[in-house]
Amino acid sequence: MKLYEYLGKRLFLRYDIPVPRSKMIEDAEHAAEAAAELGEVVIKSQVLSGKRGKAGGIAFASDPVQARVEAEKILNMTLNGLVVEKLLVEEKLQIEQELYLAITVDGALRCPVVLASLDGGMDVEEVAEDRMIKYPVDVSIGLQNFMTREICRRMEISGNLQKEMIALLPKLYRMFKELDAELVEINPLALTPKGLVAADAKVTIDDDALYRHPQIPRVKEKTDLELKAEELGIAYVELEGNIAVMANGAGITMATLDMVQHYGGAAANFLDFGGGADAEKTAQALDLLLGTDPKVLLINIFGGITRCDTVAEGFVRVKESKGIDLPVSFRLVGTNEAEGRAILKKVGIKAYNTMDEAVSHAVELAKAAS
Amino acid sequence: MSIFINRQTRVLVQGITGRQGSFHTAQMLEYGTNIVAGVSPGKGGHSIEGVPVLNTVYEAMDRETADASILFIPAPFAKDAALEALSGGIKLLVLITEHIPLHDAMSIMEYARKMNAVVIGPNTFGLVSSGACKIGIMPNRYFVPGPIGVVSRSGTLCYEIVGHLTENDIGTTTVVGLGGDRVVGLNFIDVLKKFEEDSETRAVVLVGEIGGSAEEEAASFISSSMSKPVVAYLAGRSAPPGKRMGHAGAIIERGRGTFESKAAALNAAGVTVAGLPDELPEMLKKILG
């Protein structure tokens, strides 16, 4: 779960990481009031998207009148497809230098890694590799001060700035660990006359660990259907096409979408209803899909832990209670295949043996329907 | 021969009394796996499918030394159970569980490294040495002995592919599921090395997907250190950037981890990437001659 900048900064404050003075606002009037209090300000759109500055979602104002004008402009702007509803109005920092500091999980090394650079700011992705320090942290000992000193040595910083880093980085690591974060990123980390200040905050919390962090506010970054799927324990992503796809397993669902594209069709969604689904869960997944008004329904089941008869039962349950009017292409093999096929046969559906047959048939059906 | 496990491997099942644990214990026994004991705190003294159930891993290890353990433990308790197994002397740990928190997975991996143990998963179907030993949840009938090694990041897709091979009378030496999470115990290279050393494996199928850089790293290993032929299938060609396709790893971020980058790296290493899963048997037949 990605957090908005203002939520990330609230967490920074809790971990005693310096952030600029600020006000959260939702209308232009309050932007003016905030500027009256804070002086020269930066007005920042609160959306879950990077590159806000380049997209026009960040503005500067030197007085309340200008703050109102700029806030008006940004509010209700659409940034990379996201509507701006909230603004963070912050004191403008006197920035001497922009650094970059982050902690994330390195999948290849299987441990946290500190990323640090003297070249922070808008184009950090283009920073040369030797200017971006990567330091893996052994989780059994955690981040020690010697590690921060070593990171500073590699960054070629010393003196007061090194002292500031030694004060700040352990706090950031503690937050990363205690909050089950996947990413805590400060870009830029601003060097000001008063020391280091987190001018931005990008925080992502591990979805699988949210259950142990009830105090962290939930951020909605999904569509209503995606949220409903999440409640049902189904992995669901909306796409642009007209063939509704349902399969059991992330890899095979992706492969099904690839094959739909290969045959010239377009999938309406990614829906993985997982391993070991019962008839009820199958019916719920189907219900969800039918609600999206697709042209064709493509079901691809390779039963291992999932049983074919259970899936067929769930399908028939929905077909009989609600009716399934659209054309269906069904592939059904694996555990309890014969039983599953017999159930489908009763409602006039002949299941395919191979994924290839089922997908190419679905694409033909979609072409005929449009 | 096979890699990681064989007929002699002595296996523990943690969480044996649960719905999944008991079902898959029966399936593994039917396949021929040598399951020596089950662990389920508070349920000691029972038996499941003729397998004695004990309260702790230590108690189980006192009675029956085991080499490997498979976990059917819910995510919030998986870390504790995994560390218990590693502390108790288990050298091969198979974590079937989905949704284990990332920080828990990192702790497990660090401890496993210290204890010199191999972790497979989390979020994996496990591994099978065909015809000899299955430590996992895959359907038994598709895994028949033969000359092909298979290593995969995803489960059902791997069954699909092994199913195509079996239909074409191409069997497997060992099939390993790395797991779909961002932090897993083994990467492609760990398994490719073993297949390269294994005298029975004649060629390898690599089943990858978008996200991360594991396939690119595998490609550079293949080009520098593998003499055996490798063919591949990659899922996620049609996936849009920024959308997470079910697996924690399966997401294209900041332009990295794309299908194109992976396919190009593998091609450059001499690996043919199949357009569709059912092209793999023909490719392998040509290689096997």
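## Exercises on a predicted model

**Exercise 1.** Is helix 7 of chain A largely enclosed or largely open?

*Solution.* Take the cut-off first. A residue is buried if 20 or more other C-beta atoms lie within 10 Å of its own. Next, list the residues that pass. The buried stretch includes Ala250(A), Gly251(A), Ile252(A) and Thr253(A). Met254(A), Ala255(A), Thr256(A) and Leu257(A) are buried as well. Asp258(A), Met259(A) and Val260(A) complete the list. Then count: eleven of the 13 residues are buried, so helix 7 of chain A is largely enclosed by the rest of the structure. Last, look just past the helix. Gly264(A) follows helix 7 of chain A and has a positive phi, near 90°.

**Exercise 2.** In what order do the four strands of the open sheet in chain A lie, and which are the edge strands?

*Solution.* The order is 2-7-3-4, with antiparallel pairing. Strand 2 (22–25) and strand 4 (58–61) of chain A each pair on one side only, and these are the edges. Neighbouring strands are turned by 20° against each other on average, direction ignored. Now take one pair inside the sheet. Strand 3 (residues 41–45) and strand 7 (residues 87–91) of chain A are joined by five bridges. One of the pairings sets Lys44(A) against Leu88(A) of strand 7.

**Exercise 3.** Which domains does the assignment give for chain A, and how many Å separate the centres of domain 1 and domain 3?

*Solution.* Read off the bounds: domain 1 (21–91), domain 2 (97–212) and domain 3 (224–369). Over C-alpha atoms, the centres of domain 1 and domain 3 of chain A are 45 Å apart.

**Exercise 4.** Which helix of chain B supplies the largest share of the side that touches chain A?

*Solution.* Begin with the totals: 45 residues from chain B and 41 residues from chain A take part in the contact. Helix 4 (102–114) and helix 5 (156–167) of chain B each supply at least two residues of the chain B side. Helix 4 of chain B gives the largest share, six residues. By type, the chain B side has 19 nonpolar, 16 polar and ten charged residues.

Notes: Residues are numbered from 1 along each chain as its sequence is written. Chains are lettered from A and ligands numbered from 1 in the order in which they are written. This is a predicted model: local features need pLDDT of at least 70, side-chain atom pairs count only at pLDDT 80 or more; totals for chains, interfaces and linings use all residues. Domain bounds come from an automatic or database domain assignment. Two strands pair if DSSP finds at least two bridges between them. Axes are lines fitted to C-alpha atoms, for helices over the stretch in contact, and angles run from 0 to 180 degrees between N-to-C directions. Two residues are in contact if their C-beta atoms, placed from the backbone, lie within 7 Å. Ala, Val, Leu, Ile, Met, Phe, Trp, Tyr, Cys and Pro count as nonpolar, Asp, Glu, Lys and Arg as charged, and the others, Gly among them, as polar. A residue is buried if 20 or more other C-beta atoms lie within 10 Å of its own, exposed if 12 or fewer, and partly exposed in between; C-beta atoms are placed from the backbone.
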